[in-house]
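Subject: Handover of a predicted structure

Dear colleague,

Please find below the structure that I am handing over to you.

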Amino acid sequence: MLGQIDAIANIAVKDLAVARHFYEDTLGLRASGGQGDEVAVYRSGHTCVFVYRSAYARTNQATVLSWMVGPRIGELARALKAKGVVFEHYAMPGMTLEGDVHVAEGHRI
């Protein structure tokens, strides 16, 4: 039923000004309507990233947004690191690291 419809990622943040700097200046996303004091909306490919201020921000300890970047993942990780992005590294069974890229069962994450 929903398989052919683009989804929207919803990301809660404590400080919208800091989030705007990160999504616009670090990641290079462009604002796409719906901007205000409590929300910022960005286009990413055919989807939207909805960033909003929330008292519950930073309580999720799981992945909230991923990009399917293909073979450029190493190059993009290095470029983001050069912009100050800090990558998390996890010790998980069957997973190794190549720089800041996790590798598991042939998948680069």
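The notes below go from the whole chain to its sheets, its core and a few single residues.

The model is a predicted one, in which local features need pLDDT of at least 70 and side-chain atom pairs count only at pLDDT 80 or more, while totals for chains, interfaces and linings use all residues. Residues are numbered from 1 along each chain as its sequence is written, and side-chain values use heavy atoms, with hydrogens and water left out.

**The chain as a whole**

The chain contains 2 helices and 7 strands. Here helices (H or I, at least four residues) and strands (E, at least two) are DSSP runs, numbered from the N terminus. Read from the N terminus, the order of elements is β-α-β-β-β-α-β-β-β. The C-alpha trace spans about 40 × 40 × 25 Å along its principal axes.

Of the 109 residues in the chain, 25% are buried. Buried means under 20% relative accessible area, exposed means over 50%, and partly exposed lies in between (1.4 Å probe, protein chains only). The chain exposes about 8,200 Å², of which carbon and sulfur atoms supply 56%. Such areas come from the Shrake-Rupley method with a 1.4 Å probe; for residues, only the protein chains shown count as cover.

A contact means heavy atoms within 4.5 Å. Among contacts between residues at least 6 apart in sequence, 41% join residues at least 24 apart.

Strands of a sheet pair through backbone hydrogen bonds, either parallel or antiparallel. In this work, two strands pair if DSSP finds at least two bridges between them.

A40 stands opposite V51 in β4.

**The nonpolar core**

A nonpolar core is a set of buried Ala, Val, Leu, Ile, Met, Phe, Trp, Tyr and Cys residues joined through side-chain atoms within 4.5 Å. The largest one has 10 residues: I11, V13, L16, A19, Y23, L29, A40, Y42, V49 and V51. Two or more of these residues come from each of β1, α1 (16-26), β3 (39-44) and β4 (47-53). The largest share, 3 residues, is given by α1.

Leaving out residues up to four places away in sequence, Y23 touches I11, G28, L29, Y42, V51 and L65. Although Y23 and V51 are 28 residues apart along the chain, their C-alpha atoms are separated by 9.2 Å. With the same exclusion, the contacts of Y42 include R20, Y23, L29, V49 and V51.

S54 sits in the loop between β4 and α2 (73-82). Its relative accessible area is 14%, so S54 counts as buried. Beyond its neighbours within four places in sequence, S54 is in contact with A12, V13 and K14.

**The sheet of three strands**

A second open sheet has 3 strands in the order β5-β6-β7, with antiparallel pairing. Its edge strands are β5 (95-98) and β7 (107-108), each of which pairs on one side only.

β5 and β6 are joined by 4 bridges, and T96 has V103 in β6 as its bridge partner. The hairpin of these two strands has 2 residues between them, and G99 takes a positive phi near 70°. Strand β6 (residues 101-104) is joined to β7 by 2 bridges, and V103 stands opposite R108 in β7. This second hairpin also has 2 residues between its strands, and E105 in the turn has a positive phi of about 50°.

In a regular strand the side chains alternate between the two faces of the sheet. In β6, V101 and V103 point one way and H102 and A104 the other way, and all are buried.

**An exposed residue**

Is I5 buried or exposed? I5, in the segment before β1 (8-13), is exposed, with a relative accessible area of 55%.

Yours sincerely,
A colleague
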